[in-house]
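Work through the exercises below with the sequence and the 3D structure at hand. Try each task before reading its solution.

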Amino acid sequence: MVTISQIRTKHFFLAGIRWKILLAFFLIVGISFGVAATSLTGVVSEYMYKQRIREDGLAIEKLATTLSPLFQYARVEELNEAMNASAGELGGRLLLLDRGGKVQADTFARMNGERLELPEVVSILTEGGSADYGIHRIGNENARDMSGENGTDMVAYCTARIVGTRGTLGVLLYVGRISEMLESIRNVELQLLRVFVVVAAGALILALILSQILTKPITALSRTMRKMGKGDLSVRVPVKGSGELRELAENYNTMAAQLESLDKTRNQFVSNASHELKTPLTTMKILLENLIYQPEMPQELRTEFMQDINHEIDRLTGIITDLLTLTKMDNHSANMKRERINMTELTQETVHLLTPMAETHGQQITTDIANGLVLNGDRTKLAQILYNLIDNAIKYTPDNGMVSVSLAQNGNSLIWRVKDNGIGIPAEDQAHIFERFYRVDKARSRETGGTGLGLSIVRQLVHLHDGTISVESEPGKGTEFTVTLPVREE
């Protein structure tokens, strides 16, 4: 009994690209060779027919000239001797017909006195031709009777006019045996068939080798994809050869690496998000349990607990809001309302908005803002970029510190720089600060109310404007963020 898996295996075997290549290769070779063999056989056959016609025609015309005086003057014995000798040399049958188409001499001595109305005879006696030739299929018995040849149903008729002093005396008819010619044609066809078998076998072997070479990378790719489908994103395809298959393998490996990185980022993101959301929930649970199980708690302490709960709710709200913002940007669903923006005014307004916060810490914000700078972009998102950078600088700069904000144009780019003299960022952390939930100092970050997503959002917003962001920092000396935005006329 044939199982479903066997049927699928057989179907895959037949439907595989390797076997399609083999079939296509074999069909191309077969059709090409078939056309070539047919054409060649036709050419050879036509050549052999023409050669036979030419040889028989010359021989019969020459013989007709020789026999003409013997026939005209009724030299019967000499005529019969000459005809029999010539028939032996030609390997066929000779018949001499008068002007009425009646046989006067026959080397087979069977048809004397009979009238023949063959097309080749009629064309000379009636239509005035001088010679004619034709091959006819007349059946095995008739062919044997006419030519004395067995095993064929075809004969060749070659005729020539016999001319005497009084004009046309009659027709010399040669009945030729053509089995030898047909056998030669069949030998040519058989030889071509043998060549085809050899060529087809060689082509099949070559196709097997080529299909193995061509499909091996595809098979390896398919095997790797099955492993990836089972969850192993670390597998890669060996990059070999050149051309499209090499490019396919390289592109696939690039895609696999991106998927693996994306999967790791996702897992880390889920882990970090869970941890960040769990922390305020745990804090609120503890505070609420204290409120529930201590009904006689002093009002001042109760109020403090409620304020702490409110603070944790604000933290949760901030985390969720930032997560939603990042999700929209990841899904490319963040709408960009591009318009012509006065970047000078936008920078001044953002600095003015954050100045009171800096003053509460005794900090001073200095500015170096060029006048008249404009950019096509989304005003809200650009304001959020600068707001987050200045807000971070204030949070991580000690009291009485300095924060500087500058805006300038360099060629076709606008450049924002936000610099502080705060705690700085260690070199090993600078490559990770734009990652989601990454914190250089986790305890201090939570104290300042950060969600760990601000710089990730900033980077995404910068990328939405086709810009770049970089950081330079030294622990204990401060940090400088540089945002470069291309100026494009729209």
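**Exercise 1.** Find how helix α9 and helix α10 cross, and at what angle.

Solution. In this predicted model, take α9 as residues 343-360 and α10 as residues 379-395. Their axes come within 10 Å and cross at roughly 35°. The crossing of α9 past α10 is right-handed. On the α9 side, the residues making the contact include M343, L346, T350, L353, L354 and M357. On the α10 side, they include R379, L382, L386, Y387 and I390. As background, an α-helix has 3.6 residues a turn, so residues three or four places apart point the same way.

**Exercise 2.** Check whether the end-to-end distance of helix α6 agrees with its number of residues.

Solution. Helix α6 covers residues 179-229, which is 51 residues. The expected span is 1.5 Å times one less than that number, so α6 should span 75 Å. The end C-alpha atoms of α6 are 70 Å apart, which agrees. Next, look along the helix: α6 has a kink of about 35° at T215, shortly before the proline P217. After α6 comes G231, with a positive phi near 110°.

**Exercise 3.** Is D56 buried or exposed, and which residues beyond its sequence neighbours does D56 contact?

Solution. First, locate D56 in helix α2, residues 17-72. Its relative accessibility is 8%, and the cut-off for buried is under 20%, so D56 counts as buried. Then set aside neighbours within four places in sequence: D56 is in contact with Y133, C158 and Y174. With Y133, the D56 side chain also forms a side-chain polar contact of 3.3 Å.

Definitions and conventions
Residues numbered from 1 in each chain as written. Predicted model: local features only at pLDDT ≥ 70, side-chain atom pairs only at ≥ 80, totals over all residues. Heavy atoms only, no water. Helix = DSSP H or I, 4+ residues; strand = E, 2+ residues; numbered from the N terminus. Buried < 20%, exposed > 50% of the residue type's maximum accessible area, 1.4 Å probe, protein only. Polar contact = N/O pair within 3.5 Å; in protein donor to acceptor, adjacent residues only side chain to side chain. Contact = heavy atoms within 4.5 Å. Bend = angle between axes of the 7 residues up to and from the residue. Axes fitted to C-alpha atoms, helices over the stretch in contact; angles between N-to-C directions. Left-handed = near helix turned anticlockwise from the far one by under 90°.
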